[in-house]
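Dear colleague,

I am passing on the model we spoke about, and below it you will find my notes on what came out of it. Please read them with the structure open beside you.

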Amino acid sequence: MRNYPISIFILAIGAFAIGMTEFVLMGILPDVAQDLNIPISKAGHFVSVYALGVAIGGPIMTLLTLKMPRKKLILLLILFSIIGNLGSTFAPNYESLILFRIIASLTHGTYMGACALLATNLVSKERSGRAVSFIFAGLLSSNVLGVPIGTFIGQQLSWRYSFAVITILGIISFLGIIMFVPSSKDRAEFNVKKEILASINPQIILALFITFFGFGGMYLAFTYITPILTNLTHFESSSISWILLIFGVGSTVGSIIGGKLSDWRLMPWLNINIVLLILVMILYGVVSSNKVLVIPITFIWGLIAYALLPTIQSRLVLLAADAPNLASTLTNTAFNISISFASFFGGIIIDSFSLAYIFYIGALQSFVGLILAYISYLVDKRLTIRKKLLKI
């Protein structure tokens, strides 16, 4: 990447900050709950409201800003992120933190799409794919480095300092974009009618439900990973940051493996992937009281879970090959709705039953995703057979 312009790195920093904004709360949720004097289940709303903001706000922001030059749009989005995170740093109560989480969430989906489009104009055509993947690597690395770092800062100082760090990263990105990203008058090519028609394909809708149930089951447990590790496994709170780092490394490896295996045989691998995720979650529930076994299972959990994302994304791009823009946005919407549901429903499980049940109920949710994935696989086979018969 040394031959790439500094603008690509600046955009990646912004992606890192935005990714950290969404996921850092999962490591400091108990600290936030204690400081604001609310139950842990209610603190989970800070995760769900952000995810809902991404799910709903992403497509709306994209449609409202179609004619805006990409650089100006990216600066506007980063400004939203800075305001949201700065407000979160000083939020005095539950209601105000909810408000600032909503403000910050409006940037997420549209930022990544705008950066992908702008990146293709900042480098030569043959290097555009790698430039875009580098920016997305900034988003993914927020899970590997950002969440553990934010958790460590929150535990050593205060959860408010975690948001202060994200605010500083946002300011660095904002200034860097002004100075190093060249002005561009490009417009997004987006045929609304064509995109909508391509996205109402029954198989695409089924893939979105697979995302919600299959991947969402994982987040039912991961949203409350900190209380799980402290209350069930009995780790010290100071250990949480490096355990999250282990999960982050696993998720990075998993996304690479998932991408390669989806090129192998996409639908068979998708079904296998969800089966493995269900088994790992059940296993995690069984060994959650064992400190020695939890460490390697955490790595495997991250690996299996995040192998699913590039597989589903590849599936949607193939299904909507003629108009992939809205389909890709809807993937992000389904993903974030699943996170929102997970944090909300997980809170109900904790209040009504026990923290110990959350892995098993998450596995049950993913099982619904497996049933849908298998149905989609059978439909594909039937369509393939029909096409062969028509050629005869």
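The expected span of a helix is 1.5 Å times one less than its number of residues. With that in mind, helix α9, which covers residues 159–180 and so counts 22 residues, reaches 32 Å from its first C-alpha to its last, close to the 32 Å expected at 1.5 Å a residue. Please bear in mind throughout that this is a predicted model.

On the buried side of α9, the residues are Trp 159, Ser 162, Phe 163, Ile 166, Thr 167, Leu 169, Gly 170, Ser 173, Gly 176 and Ile 177.

As for the chain as a whole, it holds 17 helices and 0 strands, and buried residues make up 55% of its 392 residues. Among the contacts between residues at least 6 apart in sequence, 85% join residues at least 24 apart. The accessible surface of the chain comes to about 17,000 Å², and 70% of this belongs to carbon and sulfur atoms.

Is Asp 380 buried or exposed? Its relative accessibility is 19%, and because the cut-off for buried is under 20%, Asp 380 counts as buried. Leaving aside residues up to four places away in sequence, Asp 380 touches Gln 203, Met 267 and Arg 315, and with Gln 203 there is also a polar contact of 2.8 Å between the two side chains.

Finally, there are two residues whose backbone angles deserve a look. Most residues other than glycine have a negative phi, and most peptide bonds are trans. Asn 37, however, has a phi near 60°, a positive value in a residue other than glycine; Asn 37 sits in the loop between α2 (25–36) and α3 (40–43), and with a relative accessible area of 70% this residue is exposed. His 234 likewise has a positive phi, of about 65°, although it is not a glycine. The place of His 234 is in the loop between α12 (225–232) and α13 (240–264), and His 234 is exposed too, at a relative accessible area of 52%.

Note on methods. Residues numbered from 1 in each chain as written. Predicted model: local features only at pLDDT ≥ 70, side-chain atom pairs only at ≥ 80, totals over all residues. Heavy atoms only, no water. Helix = DSSP H or I, 4+ residues; strand = E, 2+ residues; numbered from the N terminus. Buried < 20%, exposed > 50% of the residue type's maximum accessible area, 1.4 Å probe, protein only. Contact = heavy atoms within 4.5 Å. Areas by Shrake-Rupley, 256 points an atom, 1.4 Å probe, with all protein chains shown as cover. Polar contact = N/O pair within 3.5 Å; in protein donor to acceptor, adjacent residues only side chain to side chain.
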